[in-house]
Amino acid sequence: MLPVFASGCLGLARLRWDGRSVPIDDPIWSRWQAEGRLVQFCPEVAAGLPIPREPAEIVGGTAADVLDGTARVLGRTGTDLTDAFLRAAELGVQQIRQHRPALAVLVDRSPSCGSTTVYDGTFTGTRVPGRGLSAELLVREGVPLFTPATLADAADLVQRAETASPG
Ligand code: SF4
């Protein structure tokens, strides 16, 4: 059975910056839970960031720019959180290499987990296309990314992958 990697805060675990979880109510998710297929992981908490914590955004570029050292991750009050977010992303890669999942289902808009959209670094709630740091590294590891809104597509990919490599 191929594992599915997922953001730790999806479901009940209150890991988000504001001390909340991200509810998910989908039969595909419930089936994966029952199968024991899910590997859930929160890179930010794994890296030692507290709950709750200051909201953070990528400022001055993209996740790739942060990885290249030309942009930063800042908290709303200006705290430089770049090193913690880089460590968080590396820990996510370690999980991927350990579990070798078929894909990842990530909470969008997070500066770590965002896979299609992030905030623009102005702390005004403005969204732009882009990825968080963890998501960026998972793409570089070759992991297909999905969001809770695209679970059906994710389930199709899992099924195709298991048909191609039964057992
Ligand atoms: Fe959820 Fe990812 Fe944020 Fe952790 S880093 S709280 S898993 S969105």
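Tutor: A pocket is an open set of grid points with protein on both sides within 12 Å along at least five of seven lines. The model discussed here is predicted.

Student: Which pocket does the ligand take up?

Tutor: A molecule sits in a pocket if more than half of its atoms lie within 2 Å of the pocket's grid points. The space taken by the ligand here is the largest pocket.

Student: Which residues come nearest to the ligand?

Tutor: There are 14 residues around the ligand. By class, this shell has seven nonpolar, four polar and three charged residues. Those that come nearest are G8, C9, C42, E44 and C113.

Student: Is C9 buried or exposed?

Tutor: Buried means under 20% relative accessible area. Because the relative accessibility of C9 is 10%, C9 counts as buried.

Student: And C113, buried or exposed?

Tutor: The cut-off is again under 20%. C113 has 11% relative accessibility, so C113 counts as buried.

Student: How many disulfides does the count come to?

Tutor: A disulfide needs a pair of cysteine sulfur atoms within 2.5 Å. By this rule the number of disulfides is zero.

Student: How many aromatic pairs does the structure hold, and of what kind?

Tutor: The structure holds one aromatic pair. F5 and F41 form this pair, with 6.1 Å centre to centre and 35° between the planes. Planes under 30 degrees apart count as stacked and over 60 as edge-to-face. The pair of F5 and F41 is one and tilted.

Student: Which parts of the chain does the pair link?

Tutor: F5 and F41 are both buried. They are 36 residues apart, in distant parts of the chain. F5 lies in strand β1 (residues 4–7) and F41 in strand β2 (residues 38–41).

Notes. Residues numbered from 1 in each chain as written. Predicted model: local features only at pLDDT ≥ 70, side-chain atom pairs only at ≥ 80, totals over all residues. Heavy atoms only, no water. Near = heavy atom within 4 Å. 1 Å grid on protein atoms, 1.4 Å probe; cavity = no way out; pocket = protein on both sides within 12 Å on 5 of 7 lines; lining within 4 Å. Nonpolar A, V, L, I, M, F, W, Y, C, P; charged D, E, K, R; others polar. Phe/Tyr/Trp six-rings, centres within 6.5 Å; stacked < 30°, edge-to-face > 60°. Helix = DSSP H or I, 4+ residues; strand = E, 2+ residues; numbered from the N terminus. Buried < 20%, exposed > 50% of the residue type's maximum accessible area, 1.4 Å probe, protein only.
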